[in-house]
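I opened my notebook and went through this protein step by step. Here is what I looked up, in the order I did it.

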Amino acid sequence: MGAPVKGKLLDLVLVLGGVVMIAPLVWLVVNALSEPIDAFQVPPRWIPRPPTLQNFQQVPELIPFAQMAWNSLQIAVITTAGALLTSALAAYAFNRLRFPGRDQIFSVLLAALVVPVQLTVVPIFIMMRWLHLVDTTVAIWLPALVNVFGIFFLRQYISSIPRELDEAAIMDGAGHFWILFRVILPLARPGLTALGIFVFEASWNNFFWPYIFLSSPEKMTLPVGLVSLQGAVGGGPAVVLFAAITLVVLPILVLFLIFQRSFIASIASTGLRA
């Protein structure tokens with residue numbers, strides 16, 4: 001079998017794999033745009049006939065979707081900005097600075113990655129209650145400002161930036177903050193973009209923490225709101241729930257499509273140089 005034939009077979013396998021992965025998303029959108037009587041047919045339809053926006057119009061009538069979307073956006077933006085800042089500062093310190101116990105502290109931080117998040121909910125809940133932050137959005141984004149994965153990810157990316165740039169800046173009288181914000185971070189922009197997408201996506205889709213800490217309907221986020229919508233729909237058409245899920249997924253999909261080049265380039269670079 002020649003190389004061209006192997007290449008075409010590999011392309012065919014990749015195309016089939018891509019179709020299998022994207023099929024559930026397409027099925028979700030098609031059912032969200034379909035009349036209840038036309039949804040969930042076997043074999044499934046891949047084109048809604050005729051398409052309708054009625055399901056999307058029913059979503060804000062059942063739950064305060066706009067308020068929940070604002071709460072999710074607010075938490076995701078604050079979490080992303082805060083995690084990027086703290087991760088950049090810590091990653092620079094662990095990669096560029098030398099201080100006693102640096103490697104040991106970093107090893108302890110890495111060990112935190114293997115601890116299930118469910119084990120930390122009780123002490124964090126006690127802390128939030130002590131701070132009178134339960135049932136506030138602050139209780140969601142405050143613990144997320146320190147992202148151990150982000151520290152590890154940016155440390156690996158910063159290690160690929162030549163140290164000669166730091167040394168040249170130091171010879172010109174620059175300090176560590178100047179080097180970090182004027183030299184390192186501009187060169188680490190692809191890594192920051194990829195990490196930002198990771199953190200934003202995780203915060204936007206986070207169900208566990210809002211479900212534990214938030215009880216007021218006006219403070220709930222979209223993932224928790226979807227559960228409320230499921231109860232509100234009850235025995236009604238499930239296509240309304242599909243429409244709500246589509247509205248939740250769409251912003252993340254658009255965000256990835258906008259930054260996909262930086263995202264893929266950063267992941268590839270970090271993986272090769274780790």
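These entries go from the whole protein down to single residues.

**Entry 1, the whole protein.** I am working with a predicted model. I counted its elements and got 14 helices and zero strands. The C-alpha trace spans about 70 × 70 × 30 Å along its principal axes. I then looked at burial: 38% of the 274 residues are buried. The protein exposes about 15900 Å², with 71% of that supplied by carbon and sulfur atoms.

I picked helix 10, residues 189–204, and found 16 residues in it. From first C-alpha to last it reaches 22 Å, close to the 22 Å expected at 1.5 Å a residue. I listed its buried residues, among them Leu192, Leu195, Val199 and Trp204.

Next I went to helix 3, residues 65–96, where Ser87 sits. Is Ser87 buried or exposed? Its relative accessible area is 1%, under the 20% cut-off, so I noted Ser87 as buried. I also found its side chain reaching the backbone oxygen of Ala83 at 2.6 Å. Leaving out residues up to four places away in sequence, Ser87 touches Asn147, Gly150, Ile151, Leu154 and Leu195.

Last, I looked up a nonpolar surface patch of about 570 Å². Val249, Leu250, Leu253, Val254, Leu257, Ile258 and Phe259 make this patch. I found Phe259 in the loop between helix 13 (239–258) and helix 14 (260–273). Phe259 has 35% relative accessibility, so I wrote it down as partly exposed.

Notes. Residues numbered from 1 in each chain as written. Predicted model: local features only at pLDDT ≥ 70, side-chain atom pairs only at ≥ 80, totals over all residues. Heavy atoms only, no water. Patch = residues over 30% accessible without salt bridge, like charges linked within 9 Å, V, L, I, M, F, W, Y side chains within 5 Å. Areas by Shrake-Rupley, 256 points an atom, 1.4 Å probe, with all protein chains shown as cover. Salt bridge = Lys/Arg side-chain N within 4 Å of Asp/Glu carboxyl O. Helix = DSSP H or I, 4+ residues; strand = E, 2+ residues; numbered from the N terminus. Buried < 20%, exposed > 50% of the residue type's maximum accessible area, 1.4 Å probe, protein only. Polar contact = N/O pair within 3.5 Å; in protein donor to acceptor, adjacent residues only side chain to side chain. Contact = heavy atoms within 4.5 Å. Expected span 1.5 Å × (residues − 1).
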